[in-house]
Amino acid sequence: MKSDCLQRFLFDNAAIRGEWVNLQETWQEVLNRREYPAAIRRILGEMMGAAALLTSTVKIKGRLVLQIRSEGPVSLLMVECTSANTLRAFAQWEGDIDENQGLSELTGEGTLAITIEVEGAKQPYQGVVSVQGDTIADTLETYFAHSEQLATKIWLYANDHNVAGLFLQQLPSEEVDMEKAEEDWSRISQLASTITDEELLTLEMETLLHRLFHEETVRIFDPASLSFACTCSRERVAETISMLGQEEAEDILDAEGGIEVACEFCNEHYHFDKVDVAEIFTDAVSPASDPDTLH
């Protein structure tokens, strides 16, 4: 089984594209950094698989973020996937979470936002959809149907060991015979719907595609490797402290004796004492500082 990789495929006899993803070490890196209740693990894993699949479809240099916000027991779920094929994820919740609770129970009338940030662009693109059904796949399929007008099917599964996903989507084209396109989509999506969770988790992609589409002509592309990576750093945290302003930072120092910041994604802790904070604001007003320098 290829792990921590994504592969694209196309149907030569139909205007349909597909992707398959499997995450093992990447998923374990997330679970090793924070202990999540079983129900949250399942949803967060499915979101990681979805983020990897969607980032491959948009083909941008930048990052894609999936984020669910709600007033329910789980207030925030967030996954980031970059064009460098790195992922990170975290969730915030309150109270006890039953392992049998589904997405709608945990998030109530929550919303899922898809944010695409392209390097060099002034504004990110964002699409928002209310949480639909009881799975991430249901919600994303609704988003594509209403916002993108693209027929899309997604299968996602996550357990404590790995995450797997399958993605099918009609290719937009003005030259396609609509009757044939609808027949092709109906046939191929119905074949894909016979997949089981066990098959998705355990079968090599080539074996899985042969089992589902052995009468179709499928072209498979080279796999792309995926991995966990976090972009937090002491320098970035220092920049955040500088944005608080010197007065507020010194108030925190007086009250707490130091400033402690933990990265939500990787759980790395950064500590700043009075000397560290003084250096931050000394550097901020230094005449040698270049105001046009980007960090």
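Strand β5 is mostly covered, with six of its eight residues buried. The model described here is predicted.

**Strand β5 and its partners**

Strand β4 (residues 74–82) pairs with β5 in the antiparallel sense, over seven bridges. In this pairing L76 is placed opposite Q92 of β5. β4 and β5 form a hairpin with three residues between the strands, and N85 there takes a positive phi near 65°. With strand β12 (residues 227–228), β5 pairs in the parallel sense, over two bridges. Here T86 is the residue opposite S227 of β12.

**Strands β3, β6 and β7**

Strand β6 (residues 111–118) pairs with strand β3 (residues 62–69) in the antiparallel sense over eight bridges. R63 faces E117 of β6 as its opposite residue. β6 also pairs with strand β7 (residues 125–130), again in the antiparallel sense, over six bridges. In that pairing I114 stands opposite G127 of β7. The hairpin formed by β6 and β7 has six residues between the strands, and G120 in the turn has a positive phi of about 90°.

| Strands | Sense | Bridges | Residues opposite each other |
|---|---|---|---|
| β4 and β5 | antiparallel | seven | L76 and Q92 |
| β5 and β12 | parallel | two | T86 and S227 |
| β3 and β6 | antiparallel | eight | R63 and E117 |
| β6 and β7 | antiparallel | six | I114 and G127 |

**Aromatic pairs**

A search of the whole structure gives six aromatic pairs. One of them is formed by F11 and F213, which are edge-to-face, with 5.1 Å centre to centre and 85° between the planes. This pair links distant parts of the chain: F11 belongs to strand β1 (residues 5–11) and F213 to helix α7 (residues 205–213), 202 residues apart. Both F11 and F213 are buried.

The rings of Y36 and W93 form a tilted pair, because their planes stand at 50°, with the centres 5.7 Å apart. This pair also links distant parts of the chain, 57 residues apart: Y36 lies in the loop between α1 (25–33) and α2 (38–58), and W93 in strand β5 (residues 86–93). Y36 has 3% relative accessibility and so counts as buried. W93, at 27% relative accessibility, counts as partly exposed.

F11 and F213 also belong to a cluster with F9, linked by ring pairs.

**Charges over rings**

Two arginines are placed over phenylalanine rings. The charged end of R88 sits over the ring of F265, 3.9 Å from the ring centre. R234 lies over the face of F272, and the distance to the ring centre is 4.0 Å.

**Helices α1 and α2**

The loop that holds Y36 lies between α1 and α2. These two helices pack at an angle of about 140°, and their axes are 11 Å apart. An angle over 145 degrees would count as roughly antiparallel, and α1 and α2 are therefore oblique to each other. The crossing in which α1 passes α2 is right-handed.

Conventions. Residues numbered from 1 in each chain as written. Predicted model: local features only at pLDDT ≥ 70, side-chain atom pairs only at ≥ 80, totals over all residues. Heavy atoms only, no water. Phe/Tyr/Trp six-rings, centres within 6.5 Å; stacked < 30°, edge-to-face > 60°. Helix = DSSP H or I, 4+ residues; strand = E, 2+ residues; numbered from the N terminus. Buried < 20%, exposed > 50% of the residue type's maximum accessible area, 1.4 Å probe, protein only. Lys NZ or Arg CZ within 6 Å of the ring centre and 35° of its normal. Pairing = 2+ DSSP bridges. Axes fitted to C-alpha atoms, helices over the stretch in contact; angles between N-to-C directions. Parallel < 35°, antiparallel > 145°, perpendicular 65-115°, else oblique. Left-handed = near helix turned anticlockwise from the far one by under 90°.
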